[in-house]
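Look at the charged side chains and rings in this protein. The report below goes through their contacts.

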Amino acid sequence: MAATALAATPSPEPASGEPYQLVRSLQAVQDGIARGDAAAHRRHPALIRQIGEKLLAADPNVWSNPQNGQAVVIYLLSGGAPQIVRKLPRDRMSVDERLFNGALAYVEGRQDEAREILKDVKPRAVPSSMSGHIALVLGALLANSDAPAAIERLDEARLLLPGTLVEEAALRREIGLVGQAEDFDKFEFLTLVYVRHYGNSVYSGDFWQRFSSALTRSSLAFDERRFSRLSAMLEQLDRASRLKLYLGIARTALIRGRLAVARLAGEQALPLSGDGNTDGERARFFRAAARALTDDYEGGLAELKTVDKSKLPERDVPILNATLQIMFDIRKPTTGSVAENPPPTPARLDLSPSAALLARAQKQLAELDLLTKDRRP
């Protein structure tokens, strides 16, 4: 999904000296991972172990230096082993009790306890060496309970440690939250920042997975006025991923009655799919259904009739059947006078694929009879 990875650069050995120097070497390797250094990623677990061993072997006197106590917190939040940290002389360390205990609770999976310990911590008031890491943790801890606050903390993490794995991780977490909030402008901004700075990241696959999930679970993709901007973002994905997303968008748009988007997404999916295969048939179906229900009844219906049902997934067949039924009933002659109320538009159709789909669609067609007034020859 990302561009070609950067050439791997040699990863530094853990520095000798005080704990904060060891942790700086770890951060350098992690920043290389964010830039796409696969060799650094492979070496990362061994480096974590080596630094842990050096921390255990450190002279007890080094822990009076506040930088070293802060380094332990960073080590924990950078993948360090909590069992190592628990063996260190905690009583000798000069470090904020809340940050130490909160970080330990977080990495040990005690999320509620970590959230309670860190709830009043302001990342910008924390020593600069730890501030971005703490902001990232708070963003993760608040994601399920207070999404706006989580987004604020992740914004802080990005601003406090730009160009690092912390910023890269914050972007990956934040893209899903912004998607849930349906803030398209910020969603686009975060995507472009990620592509520009971390498109080669070893973890880019996780970013695009979260990106895709946010699109399909929100309404971000279903406004035709910004479809061109959405397509520009999707160009960053590989062909298979783009096809999957366009088909998902087209199907959901059709079900939701966002017919212009269903048509656009179907058209984008067609050249990405093969002729006569399942993906190609689905793309043609979604495009044709949207055409028939909007401004091209004849062309859309003709194309719908040629769609090979046997090549569609089982879950799409009821939608095709209901759409065809609607098209045929639109052409049935009507009797009686025209109602005073304006007719519902096709965009209001509920094409939800359930067992009662066709029955509901047929019931709605009684209200759609007036559409035939304009479409009959």
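Buried means under 20% relative accessible area, exposed means over 50%, and partly exposed is in between (1.4 Å probe, protein chains only). The model is predicted: local features need pLDDT of at least 70, side-chain atom pairs count only at pLDDT 80 or more, and totals for chains, interfaces and linings use all residues. Residues are numbered from 1 along each chain as its sequence is written, and side-chain values use heavy atoms, leaving out hydrogens and water.

**Salt bridges**

Side chains of opposite charge can pair when their charged atoms come close. A salt bridge is a side-chain nitrogen of Lys or Arg within 4 Å of a carboxyl oxygen of Asp or Glu. The whole structure holds 31 salt bridges. The table shows some.

| Pair | N to O distance |
|---|---|
| Asp 155 and Lys 186 | 2.6 Å |
| Lys 186 and Glu 174 | 3.3 Å |
| Arg 282 and Asp 316 | 2.6 Å |

Glu 174 is buried, at 0% relative accessible area. Asp 155 is buried too, at 17%. Arg 282 has 9% relative accessibility, so this residue counts as buried. Asp 316 has 0%, so Asp 316 is also buried.

**Rings**

Rings of Phe, Tyr and Trp (its six-membered ring) pair if their centres lie within 6.5 Å; planes under 30 degrees apart are stacked, over 60 edge-to-face, and the rest tilted. The whole structure has eight aromatic pairs. Phe 227 and Tyr 246 have ring centres 6.2 Å apart and planes at 40°, so this pair is tilted. Phe 227 is buried at 5% relative accessibility, and Tyr 246 is buried at 1%.
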